[in-house]
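This briefing is meant to be read beside the sequence and the coordinates. It takes the ligand site as its opening topic and then turns to individual residues.

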Amino acid sequence: MVSVLDIDTLLGDPQTRIIVCCGAGGVGKTTTAAALGLRAAEAGRRVVVLTIDPARRLAQSLGLTTLDNTPRPVKDIKNTDGGSLDAMMLDMKRTFDEVVEAHSTPEKAEQILANPFYQAVSSSFAGTQEYMAMEKLGQLRLEADRDPDNPRWDLIVVDTPPSRSALDFLDAPKRLGSFLDGRFIRLLAAPAKAGGRAYLKVFSAGVNIVTRTLTKVLGGQMLSDVQTFVAAFDTMFGGFRKRADHTYALLSDRTTTFIVVAAPERDALREASYFVDRLDEEEMPLAGLVINRMYRVSAPGLSAARALGAAEELGDEESDSSSAITQGLLRMHAIQAEIADRHESLARRFIAGHPGIPMVEVPAASGDIHDLVGLRAVGNALAGH
Ligand SMILES: Nc1ncnc2c1ncn2[C@@H]1O[C@H](COP(=O)(O)OP(=O)(O)OP(=O)(O)O)[C@@H](O)[C@H]1O
Ligand SMILES: [Mg+2]
């Protein structure tokens, strides 16, 4: 028995304040997040969508021409009934800078921001994007509720980065926290206390791949820069951890819900399984699963085998141009029907393995989804229409 994910009830529920779209790379997280945001706005909610690296044309249709970390109103929303849609693209580096600025004095902030070690960590440390996405979510939530009687947004839809491993965004705050708090940083901080030679001894004894890579990236300047960095950053460690804990609490809140997006492919569904289990383990609320880009054929009654058989029969006769065309169409139908069958059976297998998880399928459109019309169509499909 398949349980259906009732998107309109979810979007219409004032208790739903945050929706996080997660899933493997390339499955349609950004598209789903944007489509959900648009649908909710057109149903009367005041929505902000936080997107991460949206495709250029989609970004343009959402009015996102600059990466400036500011939510901007999306034009051409229909029948809003008091609803509105703002959209923004995450600027990872800028968000990190804002965190630094918020946690230190202007002089310290300046020192940190100019530090090459900070610059390397803030733009390339694995997990930074995930961490910053969650950081931005926390900021948006604060901003939304600044005036509790008149919230700027009553729904935040969050897209997640194309992480290599599922739920990196859940682990990132912890990981970055322990990185900044951990042995590596303590080692780097040592010279400030131990000084000169002693430091070098400790340092070379503790050299690991991370430091080697960083030294390569940053060159000879690294040691002294790291020292100033660590000294300046030292005051912020507590703040960082507290924020990570806060974000985690926000994700576990009952007004937050997760939508796992998958494509009807083995790997994406395996990732989806992992997401579902992990959310369960963390006691984070899962609204359901979206299987995106399901292939459907226009004549589902005609099986691949029958279409191929018919094509073969035609091939035996004296072929004229019209039967050649028919034959081509039948063969094409056979290929498409096979893909549709495969998608169907993968979806069925997933459901069998996860009984009771609400689910909805979104058909594959013939082209990319890059405008509001396309997003509306995805929204309709999400709502089962
Ligand atoms: N139902 C659909 N039909 C056709 N194309 C789709 C559909 N859903 C998404 N796409 C297209 O697939 C591509 C990937 O989608 P999207 O960017 O939403 O995925 P993503 O999960 O956010 O990817 P990433 O992990 O790289 O961030 C885009 O070009 C998008 O337009
Ligand atoms: Mg994306």
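## Ligand site and selected residues

Of the 17 residues around ligand 1, those that come nearest are Gly26, Lys29, Thr30, Thr31 and Ala365, where a residue is near a molecule if one of its heavy atoms lies within 4 Å of it. This is a predicted model, in which local features need pLDDT of at least 70 and side-chain atom pairs count only at pLDDT 80 or more, while totals for chains, interfaces and linings use all residues. Residues are numbered from 1 along each chain as its sequence is written, chains are lettered from A and ligands numbered from 1 in the order in which they are written, and side-chain values use heavy atoms, with hydrogens and water left out.

**Polar contacts and cover of the ligand**

- A polar side-chain atom of Lys29 is placed 2.7 Å from an oxygen atom of ligand 1, a polar contact being a pair of N or O atoms within 3.5 Å; within protein, one of the two must be able to donate a hydrogen and the other to accept it, and residues adjacent in sequence count only if both atoms are side-chain atoms.
- The side chain of Asn292 has an N or O atom 2.9 Å from a nitrogen atom of ligand 1, and the side chain of Asp368 has an N or O atom 3.2 Å from an oxygen atom of the ligand.
- On its own, ligand 1 has 630 Å² of accessible area, of which the protein covers 84%; accessible areas come from the Shrake-Rupley method with a 1.4 Å probe, and for residues only the protein chains shown count as cover.

- Two or more residues of the shell around ligand 1 come from each of the elements α2 (29-42), β7 (286-294) and β8 (359-363), and α2 gives the most, with 3 residues.
- Helices (H or I, at least four residues) and strands (E, at least two) are DSSP runs, numbered from the N terminus.
- By residue class, the shell around ligand 1 divides into 7 nonpolar, 7 polar and 3 charged residues, with Ala, Val, Leu, Ile, Met, Phe, Trp, Tyr, Cys and Pro counted as nonpolar, Asp, Glu, Lys and Arg as charged, and the others, Gly among them, as polar.

**Buried residues and their contacts**

- Thr257, in strand β6 (residues 256-262), is buried at a relative accessible area of 9%; buried means under 20% relative accessible area, exposed over 50%, and partly exposed in between, with a 1.4 Å probe and protein chains only.
- The side chain of Thr257 reaches the backbone nitrogen of Ala287 at 3.3 Å.
- Cys21 belongs to strand β1 (residues 18-23) and counts as buried because its relative accessibility is 0%; its C-alpha atom is separated by 6.1 Å from that of Ala33, 12 residues apart along the chain.
- Leu382, in helix α17 (residues 372-382), counts as buried at 1% relative accessibility, and Leu382 and Ile291, although 91 residues apart in sequence, are 9.5 Å apart in space, C-alpha to C-alpha.
- Ala304 has its place in helix α15 (residues 304-316) and is buried, with a relative accessible area of 8%, while the C-alpha atoms of Ala304 and Gln336, 32 residues apart along the chain, are separated by 7.9 Å.

**Exposed and partly exposed residues**

- Asp53 lies in the loop between β2 (46-51) and α3 (56-61), has a positive phi of about 45 degrees although it is not a glycine, and counts as exposed at 54% relative accessibility.
- Glu283, in the loop between α14 (266-281) and β7, has a positive phi of about 55 degrees without being a glycine, and is exposed, with a relative accessible area of 66%.
- Ala249, in helix α13 (residues 237-252), is partly exposed, with a relative accessible area of 45%.
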